[in-house]
Amino acid sequence: MSAGPLVASGIGILLLVVTAYVLVGGTLATTEVMVEAQSNLAMYQEARMRTAIEIQNTTIVDNETLSVEVKNTGGEPVVDIPLIDVYISNGSAPVYVPYGNEGGNYWSNMGIDPDHIHPGQLDPGETLTLRVTHEKDAQHTWVQVVTPNGVSSSAYIR
């Protein structure tokens, strides 16, 4: 009896074992990534459920400036203030107002009151004052503020 069939059988079995090892390893890695993604999604959803904001006051300062006071009424801090989205409307389609200080429409952070715990973050119970600069003599009637995790509040401008 020759050794050829024995060597071929041994190599075949070895290839089957290596293939099974690679497939099981790939499946485990994929499963680990999927479980971590689902855990992160659940964590973000929980944080969103604890986040709540309310527009307390809107004041037209002059012909091109609007002051908006936003209070954190939830249990989760809003950490990235520049990532907040602001929309204004004059009865037609809402217009996105970016953060910054350039162009015709922009909003800026005028301060947080009180800001003793975690300075620069909008903690529960604190009020953020936004200054929205828009086109001169625009008759805006509505404003909406949206946090980075998608929670929003809107109010009519008085």
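Leaving aside its neighbours within four places in sequence, which residues is T127 in contact with? I started my notebook with that. The model is a predicted one.

**Entry 1: T127**

I found T127 in strand 6. I then listed the residues it touches, skipping neighbours within four places in sequence. The list is E69, V70, K71, G111, I112, D113 and L122. I also looked up the cover of T127. Its relative accessible area is 16%. The cut-off for buried is under 20%, so T127 counts as buried.

Next I went to the loop between strand 5 (106–113) and strand 6 (127–133), where P114 lies. I checked the peptide bond that joins D113 and P114, and it is cis. Its omega is about -20°.

H118 is found in the loop between strand 5 and strand 6 as well. I noted a positive phi of about 50° for H118, although this residue is not a glycine. Is H118 buried, partly exposed or exposed? I read a relative accessible area of 45% for H118, which makes it partly exposed.

**Entry 2: the whole chain**

I stepped back to take in the fold. I counted one helix and eight strands in the protein chain. Along the sequence, the pattern runs α-β-β-β-β-β-β-β-β.

How does the radius of gyration of the protein chain compare with that of a compact globule of 158 residues? The globule would have a value near 15 Å, but I found 28 Å for the chain. Taken along the principal axes, the C-alpha atoms fill roughly 100 × 35 × 25 Å.

I noted that 27% of the 158 residues count as buried. The accessible surface comes to about 10,100 Å². Carbon and sulfur atoms hold 60% of that surface.

I then turned to contacts between residues at least 6 apart in sequence. Of these, 57% join residues at least 24 apart.

For charges, I have 6 positive and 17 negative side chains. The centres of the two sets lie 7 Å apart.

Why is strand 7 (residues 142–146) largely enclosed by the rest of the structure? I checked its five residues, and four of them are buried, so the strand is largely enclosed.

I looked for its partners next. Strand 3 (residues 85–89) pairs with strand 7 in the antiparallel sense, over five bridges.

Strand 7 and strand 8 form a hairpin, with five residues between them. In the turn I found G150, which has a positive phi of about 95°.

My last stop was R48, which has its place in helix 1 (residues 4–50). Its relative accessible area is 38%, so R48 is partly exposed.

Which residues does R48 contact, leaving aside its neighbours within four places in sequence? I found N149, G150 and V151. G150 was already in my notes, as a residue in the turn of the hairpin.

I also looked up the separation of R48 and L83, which are 35 residues apart along the chain. Their C-alpha atoms are separated by 15 Å.

Technical notes
Residues numbered from 1 in each chain as written. Predicted model: local features only at pLDDT ≥ 70, side-chain atom pairs only at ≥ 80, totals over all residues. Heavy atoms only, no water. Buried < 20%, exposed > 50% of the residue type's maximum accessible area, 1.4 Å probe, protein only. Helix = DSSP H or I, 4+ residues; strand = E, 2+ residues; numbered from the N terminus. Pairing = 2+ DSSP bridges. Rg over C-alpha atoms; globule rule 2.2 N^0.38 Å. Contact = heavy atoms within 4.5 Å. Areas by Shrake-Rupley, 256 points an atom, 1.4 Å probe, with all protein chains shown as cover. Lys, Arg positive; Asp, Glu negative; His and termini not counted. Charge placed at Lys NZ, Arg CZ, Asp CG, Glu CD.
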